[in-house]
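Here's a quick tour of a two-chain model, going from confidence and overall layout down to single residues. Keep the viewer open as you read.

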Amino acid sequence: MIKNHLKIAWRNLLRNKAFSLLNVFGLSAGLAVTTLIILWINFELEYDRFHDKIDRIYEVNNQHQINGELWTWNSTPKPMAPVIKEDYPEVESVSRFFGDIEFLFTHNNKNLKAKGTIVDPDFLNIFSFPLLQGEVENVLNEINGVVITETLAHKMFNDKNPIGKTIKIDNSDIFKITGVLKDLPLNTKFDFEFLIPWSYLKKKGHDDENWSNNSVTTYVMLGANTSYAGFSKKIKALRKNYDKSSPEMVTYLYPYARTYLYSKFENGKEVGGRIDYIQLFACIAGIILLIACINFMNLSTARSAKRAKEVGIKKAIGAPKKILIMQFLGESILLTSIAAVLTLGIVSLVLPYFNALINRPLSLNLTNVWFWLSAAGTVILTGVLAGSYPAFYLSAFRPSKVLKGTIQKVNTLVAPRKILVVLQFTIAIILITATLIISQQLNNTQNRQLGYVKDNLIYSLMEGDTEKKYNIIVEELLGQGAVSSITKTNSPVTESWSNSWDMEWVGKQEDDQTLILRMHADNAVVETMGLELVQGRDINLNKYPSDSTAVILNISALEHMGFEDPIGQVIKDNGTDWHVIGVVKDFVFNSPFQKIEPLIIEGAKGWFNVIHMKLNDANTTSENLKVVERVFEKHNPVYPFNFEFVDSAYANKFNDNKRTKKLTVLFTILTILISCLGLFGLASYMAENRIKEIGIRKVLGASVNTITTLLSKDFLKLVLISVLIATPISSYCMNKWLESFEYRITVSWLTFVQAGLLTISIAFVTVSSQAIRAARSNPIKSLTTE
Amino acid sequence: MLLQLNNIFKWVNSGGQRIFLLKDINLEVEEGEFISVMGPSGSGKSTLLNVIGMLDGFDEGEYHFLDESVHNLKEKHRSNLYKEYIGFVFQSYHLLDELTVKENLEMPLLYKKYKGAERKAMVADMLDRFNIVGKKDLFPTQLSGGQQQLVGVARALIANPKLILADEPTGNLNSQQSEEIMALFKKLNEEDGVTIIQVTHSEKNAAYGSRIVNLLDGRKV
């Protein structure tokens, strides 16, 4: 029986090569997308889950009421970790994480920049980063001991055993290698090549007891028998006894396992995060697979005229309905299996490009039993899903109807098939609209007025001796004409590193806790960055030595503070009285997708991390850079010169959105492709089925044009209905998406018209090619071969 | 008695009117009969055949087949009944184009759960009996009309039915092929005792049978 079914199925496939190709290709395109997305989702869900004690690890967060809203964030004061260890016996281990730092490693004249951090000795107890050499208990116990990864060890010492070797860090302190870590896996948030014990920070005098300085992350691991619910209540009021400035601030333990996928908080409630994207793409994967299945159903049932005879004969001979259903389901599973094999090929071919696109190291694990089990599951599920409708439809034919000599023609566009086509195109139009709106939003934001001049502007992080020799560096750079203006700041102009709600000025409202961004610049900041002055003047330390306590406001800050005459006003911040000397137009300081926040630029009394240089427009960039590099290497010889173009740093802010756009474009094209494959198949069968009607009409004098219109009309009507359904849905969804950007476009109705027209023309081309072919055939043939 | 139809009515409703396809049909068929159903186009010949073959239902009346009351049977029971006892021969042969002659013959046996070896023997026997051994691996489209109908008859006979229903079995054949098929029917009827009901337009073909039933507008005349 099964052999007989397989035989019929196989011969049917071969006989209808075009149909089989359409079906297999459509299905495998759908399956390929689904596979890629499932691989990605799998990777994301496994992210940072490999730690043995993941269920007991928590990140310490704070929650605090600011202007009536409950804020949640994860930076903590340095003294918190020791207090937790001291006061709460339920906590088994606790470790601070200083944040990413870059140090220069020197060994035998070999200089290497390495990325790492400073942690407490318990760090490796909490997180499962296995040591290749050294013991977890003591690798981080020596003040001048450092743990490095195997890759860094190899780079520093080649194949020699690194344990006990000494290195100089940042050209100042000598460290001994105490342990070697296995390289970090790719699916962890952590990214470090070395770990230095907290005791080093203490020795250098950088540890502090300041509870208002929230600057490190604190991780705790609860004891095996501690209940989270009970303990989280207990630790809530931790700050009460220690934090003088905000004792009411709540200490909140957030499960570490959730930090990657969730960790977006709104008013104290977890509201999602990365998981939103995962759910969205899971939906997209499902939808694309569904569309592919719909194609299958449509093509299969459209061919029912051809299969009707077979069903009729088999039933007359005595085949029960059940067996016929099994037969058609089996055929669909066979076809899906063939598609699955093709899918494997497509996926392994496309995976590297997909990885580059989403920036993830996904791979097909062909040796994994689960992979094959889930693949088989998907094939059977897809096969049954795609085959169910045709199976029940076909097996329900009444033999007395289909066997009356000639088989009646089955109309191609019956109601269920119409619904399926409408559904497909609705999805396609929603995706097209999404693509259009995403790229409009992206273009619009990219073209946003920055408020500063990013061309020919570079910045360099201050390292080694640059701080000490800053004045002479400035003198030489300006003197040699490579740089037309220079300023040092606390952060690059593309990133905000500092803010406060603690500033004071005359007329500030008492409950005003608005966050004001803070920037520091020693000199000529307006000139260097090309800001636009509205009132007052630039900071000029040479001419006005008192400018070390000068401050420049942006217009938003001016409006927020409400000064009538800003020049000369005083703003108290960090124990200094800053006097206002100028006001600049708003400029994009943080994310280009957000509205501009109040910002003040404080003068030379602040602290500095970055040097901004405006290169001299008179020379070529490479000439300028050569001079700049030479000057830095002369005064800071140990460190290789680092710099970044502000315009490329700014462009990087769009990477995520560009990626989203590329993915949407990809999925849109695939959806359209698959939908059109289906439409093409339907149109060709329709043309075939109506060949007699076409013949009669032509004999009666119809032109090719009228027949083409006649045949295309029915399909275009369906696409038009899709436009009507899709427009409100996509309008709602895309407005929702745009709400996540403060700086955004308003959606124009023209976009929907565009999407609709595009879809209709694609559908028209697909259908009319078949219609024209049918319309041009010779009526004599179609009328005599009945 | 093989089967008995009592006051069978069948109708369709069209535009508020009831159009009768079969009107008060009474028919008794004994085992071993060879009946020809005749009548002009649209007189209800094929409908009657479908009702007898249980491929189609009826609206009123009683139908007894081998002591079973068909009008009281459930669909599943009914299909078991015709599977067991009835073989069909069609005007346009209705062989499955995807299957070879041998495979077409084998198909009814598959649905009756014969074992593989048994099926092989029965197919071989049938190929032999109809003299088409040489054609067993050809596909239907590679055969002439007469040969295709030969296969069609062989397929109808393979599971040893008591009754063969043939709807214009020679309608698509030329006169020589027709004679061969009719001679075959006669032989089957006389030598093997198979009951045959055929629908035909041709007086000549009807003459092969033992009894003629004439229909006009759904009525027996």
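This is a predicted model: local features need pLDDT of at least 70, side-chain atom pairs count only at pLDDT 80 or more; totals for chains, interfaces and linings use all residues.

Take A:Asn138, which sits in the loop between strand S7 (131-133) and strand S8 (145-149) of chain A. Its count is 12 C-beta neighbours inside 10 Å, so A:Asn138 goes down as exposed. A:Asp122 is 16 residues away from A:Asn138 in sequence, and the two C-alpha atoms are 9.6 Å apart in space.

For chain B the average pLDDT is 89, and 100% of the residues score at least 70.

## Chain A in outline

Chain A has 786 residues, of which 38% count as buried. Its C-alpha trace spans about 105 × 60 × 55 Å along the principal axes. The secondary structure tally is 24 helices and 27 strands.

How is chain A divided into domains? Domain 1 covers 54-260, domain 2 is pieced together from 277-336 + 372-443 + 656-784, and domain 3 takes 457-652. As for contacts in chain A between residues at least 6 apart in sequence, 81% of them join residues at least 24 apart.

## Chain B: the four-stranded sheet

Now over to chain B, where 4 strands make an open sheet in the order S2-S1-S4-S5, with antiparallel pairing. Strand S2 (17-29) and strand S5 (68-69) of chain B each have a single partner strand, so they stand at the edges with one side lacking a neighbour in the sheet. Inside the sheet, strand S1 (residues 3-14) and strand S4 (residues 60-65) of chain B pair in the antiparallel sense over 5 bridges. B:Phe9 has B:Glu60, in S4(B), as its bridge partner. Helix H1 (residues 45-52) of chain B packs on this sheet, touching S1 and S2 of chain B, and its direction makes about 60 degrees with that of S2(B).

The loop between S4 and S5 of chain B holds B:Leu66. Its phi is near 50 degrees, a positive value in a residue other than glycine. B:Leu66 has 15 other C-beta atoms within 10 Å, so it's partly exposed.

## Chain B: the six-stranded sheet

Chain B also has an open sheet of 6 strands, in the order S6-S7-S8-S3-S9-S10, and here the pairing is mixed. Which strands stand at the edges? They are strand S6 (86-89) and strand S10 (219-220) of chain B, each with a single partner strand, so one side of each goes without a neighbour in the sheet. At the S10 end, strand S9 (residues 211-216) of chain B runs antiparallel to S10(B), joined by 2 bridges. There, B:Leu216 stands opposite B:Arg219 in S10(B). Helix H5 (residues 145-157) of chain B lies across S6 and strand S7 (163-167) of chain B, running at about 170 degrees to S6(B).

Two more residues deserve a click. B:His94, in the loop between S6 and H3 of chain B, has a phi near 50 degrees, again positive in a residue other than glycine. B:His94 has 27 C-beta neighbours inside 10 Å, so it counts as buried. B:Ser46, in helix H1 of chain B, is buried too, because it has 21 C-beta neighbours inside 10 Å. B:Ser46 and B:Asp167 are 121 residues apart in sequence, yet their C-alpha atoms are 6.6 Å apart in space.

## Where the chains meet

At the interface, 20 residues of chain B are in contact with 21 residues of chain A. On the chain B side, the elements giving two or more residues are H1, helix H2 (75-85) and helix H3 (101-111) of chain B. H3(B) gives the most, with 5 residues. By residue class, the chain B side divides into 9 nonpolar, 6 polar and 5 charged.

How values were computed
Residues are numbered from 1 along each chain as its sequence is written. Chains are lettered from A and ligands numbered from 1 in the order in which they are written. Domain bounds come from an automatic or database domain assignment. Two strands pair if DSSP finds at least two bridges between them. Two residues are in contact if their C-beta atoms, placed from the backbone, lie within 7 Å. Axes are lines fitted to C-alpha atoms, for helices over the stretch in contact, and angles run from 0 to 180 degrees between N-to-C directions. A residue is buried if 20 or more other C-beta atoms lie within 10 Å of its own, exposed if 12 or fewer, and partly exposed in between; C-beta atoms are placed from the backbone. pLDDT is the predictor's confidence in each residue, from 0 to 100. Ala, Val, Leu, Ile, Met, Phe, Trp, Tyr, Cys and Pro count as nonpolar, Asp, Glu, Lys and Arg as charged, and the others, Gly among them, as polar.
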